[in-house]
Amino acid sequence: MDTTTLSALAEPNRLQIVEILRDGPLTVGEIADRLQIRQPQASKHLRVLSEAGIVTAKADANRRIYQLRSEPFIQLNTWLESYRRIWEERFDKLDDYLKVMQKKMENKNSE
């Protein structure tokens with residue numbers, strides 16, 4: 001797992017940009033408007049996201065249109081999957097334990 005992705009997403013405005021771009025590509029101005037920040041600030045955040053490989057930009061006349069790249073999110077999901085399995089195993093063990101305890105309580109109450 002590349003920590004660059006996590007570092008880039010750790011900043012709230014950048015995470016919001018990713019959320020906004022989930023619906024489709026937008027220009028810097030549209031992103032700035034939705035975040036209610038100035039365009040230079042949006043550009044700064046987009047530069048970080050671009051350097052991290054999270055977004056890509058294409059030129060359309062004098063505008064730059066940004067969109068998400070899927071690769072970093074696939075890598076992030078793969079990394080998280082190992083933790084999901086660990087937690088599922090732990091929850092399964094907890095479920096088994098609770099069933100045993102429930103049976104013990106039922107047996108105790110029926111005596």
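Let's start with Gly53, which sits in the loop between helix 4 (39–51) and strand 2 (55–60). Helices (H or I, at least four residues) and strands (E, at least two) are DSSP runs, numbered from the N terminus. This is a predicted model, where local features need pLDDT of at least 70, side-chain atom pairs count only at pLDDT 80 or more, and totals for chains, interfaces and linings use all residues. Residues are numbered from 1 along each chain as its sequence is written, and side-chain values use heavy atoms, leaving out hydrogens and water.

Is Gly53 buried or exposed? Gly53 counts as buried, at 14% relative accessibility, and here is how it compares with a residue of helix 5 (buried is under 20% relative accessible area, exposed over 50%, partly exposed in between; 1.4 Å probe, protein chains only):

| Residue | Relative accessible area | Class |
|---|---|---|
| Gly53 | 14% | buried |
| Leu94 | 42% | partly exposed |

Now for the helix pair. Helix 2 (residues 12–21) packs with helix 3 (residues 28–35) at an angle of about 115°, the axes being 11 Å apart. So helix 2 is roughly perpendicular to helix 3 (65 to 115 degrees counts as that).

Back to Leu94: together with residues including Leu6, Trp79 and Met101, Leu94 makes a nonpolar surface patch of about 1000 Å². Helix 5 (residues 71–110) gives the most to this patch, with 10 residues. Patch members have over 30% relative accessible area and no salt bridge, with nonpolar side chains joined within 5 Å.

Note on methods. Patch = residues over 30% accessible without salt bridge, like charges linked within 9 Å, V, L, I, M, F, W, Y side chains within 5 Å. Areas by Shrake-Rupley, 256 points an atom, 1.4 Å probe, with all protein chains shown as cover. Salt bridge = Lys/Arg side-chain N within 4 Å of Asp/Glu carboxyl O. Axes fitted to C-alpha atoms, helices over the stretch in contact; angles between N-to-C directions. Parallel < 35°, antiparallel > 145°, perpendicular 65-115°, else oblique.
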